[in-house]
Amino acid sequence: MRWTIPNILTVFRLIAAPAVACVFIVLARPYADWAALFLFILAAVTDWIDGYLARKLNQQSKIGTMLDPIADKAMVVIALMVLVGTSALSAGIIFPAALILFREVFVSGLREYLGDVAGTLKVTKLAKWKTTAQMAAIACLFAQGAFEHKLGMSVFGMDDQMVSDILVGVEDDVLGIRNANTLANLTTILGLGLLWIAAVLTMITGWDYFRKALPHLGEEA
C-alpha cells in the first residue's frame, strides 16, 4: 500500500468509524455526543477531500478504491448502531436505519456476486444525494443528543413550573435553557426528517442497482 495523502485519509476514516462508538464508552454525555459529532463530521469532510486529492494529484490506487466505499459504509453503519443504542429518539430511528442497513447488505452481496461486472454499473447522482442525506441526518442526530443532554443538565433539580417559566420568558434564562431547548427540537426535526429522506433514497437507489444487475443474474442454459 502506497501511503499517499488520499490513502492516509481513507485509513483515518476506517479508524474513525469504530472510534465513534468507543467515545460513548470512555466519555460521559454530552461530551461523548460532541466527540462523536466531531469525528463524524471530520470523517465526512475527509471523504470529499481524499477523492478530490486522488483525482487532482493523480494518486488513485487499487487499495484506495477498495477501502473508500468500505470506510463510507462503516461510518454510516456504526453511527446508526450507536444512535439506535444511545439516542432518546431510537424508536423513530430504528425503522429507517433498518432500511438503510438492509440496502447496504443487499447491494454489497450483489456486488460480491457480480465481481468485476459490478464496476460497470454506474453510480447515479441520486446515490450521491442519498449519501449526503445520510451524513447530514446522522450529524444532526448526534447534535440532538448533545443539546438534549445539555438541556437535561441545565434543568436538573428544577421543578416543572420553573422550567416552564424559563421557557416562556417569565424567569431569567441564565443557563441558556431556551437555546438548548430550541436547538434540541430543531435537530430532532432535521435529524429524523433527513433520515427518512435518506431511507427513501436508499431504497430507490438499491432497487435501481438491482434492476441494472438483473441481466447479469440469469441462469445459464
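## A partly exposed lysine and its partner

Lys-212 has a relative accessible area of 26%, so this residue counts as partly exposed. The model we are looking at is a predicted one. Asp-208 comes out at 18% relative accessibility and is therefore buried. The two side chains form a salt bridge, with their closest N and O atoms 3.2 Å apart. Because Lys-212 and Asp-208 are four residues apart in helix H7, about one helical turn separates them.

## Salt bridges between helices

Side chains of opposite charge can pair when their charged atoms come close. The structure holds nine salt bridges. One of them joins Asp-72 and Arg-13, at 2.4 Å from N to O. Asp-72 belongs to helix H3 and Arg-13 to helix H1, so this pair ties together parts that lie 59 residues apart in sequence. Both Asp-72 and Arg-13 are buried.

A second pair to look at is Glu-104 with Lys-73, whose closest N and O atoms are 3.7 Å apart. Here, too, distant parts of the chain are linked: Glu-104 sits in helix H4 and Lys-73 in helix H3, 31 residues apart. Glu-104 is buried, at 8% relative accessibility, whereas Lys-73 is partly exposed, with a relative accessible area of 23%. There is also a network: salt bridges with shared partners join Arg-13, Asp-47, Asp-68 and Asp-72.

In soluble globular proteins, nonpolar side chains tend to be buried together. In this model, the largest nonpolar core has 37 residues, and Phe-40, Ile-138 and Phe-142 have the most contacts inside it. Two or more residues of this core come from each of helices H1 (5-26), H2 (31-56), H3 (62-86), H4 (90-114), H5 and H7 (177-213). H5 gives the largest share, nine residues.

Leaving aside residues up to four places away in sequence, Ile-138 touches Phe-40, Val-76, Ala-79, Leu-80 and Leu-83. Another core, of six residues, lies apart from the largest one; Leu-151, Ile-166, Ile-177 and Ala-180 are among its members.

Leu-141 lies in helix H5, which spans residues 125-155. With a relative accessibility of 1%, Leu-141 counts as buried. Its contacts, not counting residues up to four places away in sequence, are Leu-83, Leu-89, Ile-93, Gly-191, Leu-192 and Leu-195. Asp-173 is 32 residues from Leu-141 along the chain, and the C-alpha atoms of the two are separated by 25 Å.

Thr-188 is found in helix H7. At 17% relative accessibility, Thr-188 is buried as well. Beyond residues up to four places away in sequence, Thr-188 touches Leu-89 and Gln-144.

## Cysteines without a disulfide

A disulfide is a covalent bond between the sulfur atoms of two cysteines. How many disulfides does the model have? The count comes to zero, with a pair of cysteine sulfur atoms having to lie within 2.5 Å to qualify. Cys-22 is partly exposed, at 41% relative accessibility, while Cys-140 is buried, with a relative accessible area of 16%.

Note on methods. Residues are numbered from 1 along each chain as its sequence is written. This is a predicted model: local features need pLDDT of at least 70, side-chain atom pairs count only at pLDDT 80 or more; totals for chains, interfaces and linings use all residues. Side-chain values use heavy atoms; hydrogens and water are left out. Buried means under 20% relative accessible area, exposed over 50%, partly exposed in between (1.4 Å probe, protein chains only). Contact means heavy atoms within 4.5 Å. A nonpolar core is a set of buried Ala, Val, Leu, Ile, Met, Phe, Trp, Tyr and Cys residues joined through side-chain atoms within 4.5 Å. A salt bridge is a side-chain nitrogen of Lys or Arg within 4 Å of a carboxyl oxygen of Asp or Glu.
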